Amino acid sequence: MIKAIDRFLDHLTMYRLVLYYLMALLGTAFAFCFVKLVPHDPLAFADTTALTISACWVTNKAFALVFEVPANSESVYITALILALILDPVAVTDLNGIAAVAFASVWAISSKFIFAVGRKHLFNPSAFGVALSALLLDRPATWWVGGNPWLLPLVLIGGILIVRKLRRLDLVATFVAAAVMTVLATTEPARYGDALKETLSSSPLLFFAFVMLTEPLTAPAQRWPRIAFAAIVGFLFAPNIHIGSFYFTPELALLAGNLFAYLVGPKGRFVLTLERIEQTAADSYDFIFSSPRKLAFQAGQYLEWTLGLDHSDNRGNRRYFTVASSPTEQSVRLGVKFYPQSSAFKRALGAMKPGATIHASQLAGDFTLPSDPKTKIAFLAGGIGITPFRSMLQYLIDRKEIRPIVVLYGTEGQEDIAYRDVLGSAKRELGIRTYHAVAKGAVRGQYSGYIDARLVRLTMPDYLERTFYISGPQAMVKALRQKLLAMGVSRSRIKVDYFPGFA
């Protein structure tokens, strides 16, 4: 069952999954309106949804043209649907209500462009829009979707899928724990039962955690800052937290957390210009970009890459890719493998010419070299999964830093081996040996087949002392992780290259 769910999630980007989740909630809520399980007029609900979508779309289109950035339709619809699910529906005769919904929608999208540093927005758009509406128009969000018991099963099921997709259980669990503990700390002991019931089943806690808190652009990507962010937002989320007569609301709690995330996270969005394209293996190419300012990152980290697409597909116009270049190199290198039926994003990427630009942001990732240079390491790569190791190895070569590393590189054939030059330099200059596992057409000195337990034992008699880094297709990564665990390798010694929206 879990494997079937993971296969389903692997074929969806994070943004598309959240969009489908919100659409399911919206459709179910609309149907429930007719049978009074949701206490809203269905016509008013439909009109309000149409208004949020229209206002958000028009605002985003206008700002995208003015600021000359790619318009992302998925994020626009996500913001609009969130607003439709947390703002009370308004009738067509309620002009003040219509104005308030439009105001919240316009400012939600505007905040992405106006309140941005280095083209990276600071605040969760939906939270900003409803907070401004509450403060200036006295039209706060009611978060009705989170307090409706009939929608709770769908909120839970979809939310669990999102957490599974993003691997953000630590974020959600920390937030819920902090919120619950704060609620109990500010409640009389005699009312603990009622307070818990209300918090978990009749408040926006879960919807907020699954949809708002996990928004990747305004939350820290590194683990410990992410946990601190969740604890801060969870504490402020509790209804009794106030400063004098000023009480925090869910949206204000999130905005405060967003400021913390900005302070501890990487700054800005990069507009990179394509310099050239190099073929690294069969159907694999490196896109080499120049940056207006030096990109400070750790070898092995990733970026979110955005292209303006005239016609997107169901995977959208954003992708997460590891930076294949080393922090010591001036250019930014993106390594990509193309398939016969590639996505619209990859087709647009493949059609790029020198001088074209791409937007990159959300620099993050814990798949980096250990701080202790004496740590014994094993790099296990499959196919284009060699890219983070290319970054690490080039970094070590440039710094002339010797580390006890063994590389196992699995490919289907000889033509699929990428970065032969870097692997060769690592062997000559640092003594880092690469063992090739070639499934078809292995030659002398190579291992015939795929990376397996036998190859690990042959090449690393001390494998139980090593920290394993695994990167490649998800099926391969999962299989190798299970094999290593079966061999007695500790879970803490296995690092997997994973980032949000991996698909």
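Strand S7 (residues 302–306) runs antiparallel to strand S10, and four bridges join the two; strands here are DSSP runs of E with at least two residues, helices are runs of H or I with at least four, and both are numbered from the N terminus. Thr306 has His359 of S10 as its bridge partner. The model is predicted, with local features requiring pLDDT of at least 70, side-chain atom pairs counting only at pLDDT 80 or more, and totals for chains, interfaces and linings using all residues. Residues are numbered from 1 along each chain as its sequence is written, and side-chain values use heavy atoms, leaving out hydrogens and water.

S10 also pairs in the antiparallel sense with strand S5 (residues 270–281), over four bridges, where pairing requires at least two DSSP bridges between the strands. Here Thr273 is partnered with Thr357 of S10. How is S10 (residues 357–364) placed relative to the rest of the structure? Seven of its eight residues are buried, so S10 is largely enclosed; buried means under 20% relative accessible area, with a 1.4 Å probe and protein chains only.

Let us turn to the helices. Leu205, Phe208 and Leu213 in helix H10 meet Phe229, Val233 and Phe237 in helix H11, contact meaning heavy atoms within 4.5 Å. The residues of this contact comprise six nonpolar, no polar and no charged, with Val, Leu and Phe among those counted as nonpolar.

Finally, Ser111 lies in helix H5 (residues 95–114). Ser111 counts as buried, at 1% relative accessibility. Beyond its neighbours within four places in sequence, Ser111 contacts Ala116, His121, Pro125 and Phe128.

Key. Buried means under 20% relative accessible area, exposed over 50%, partly exposed in between (1.4 Å probe, protein chains only).
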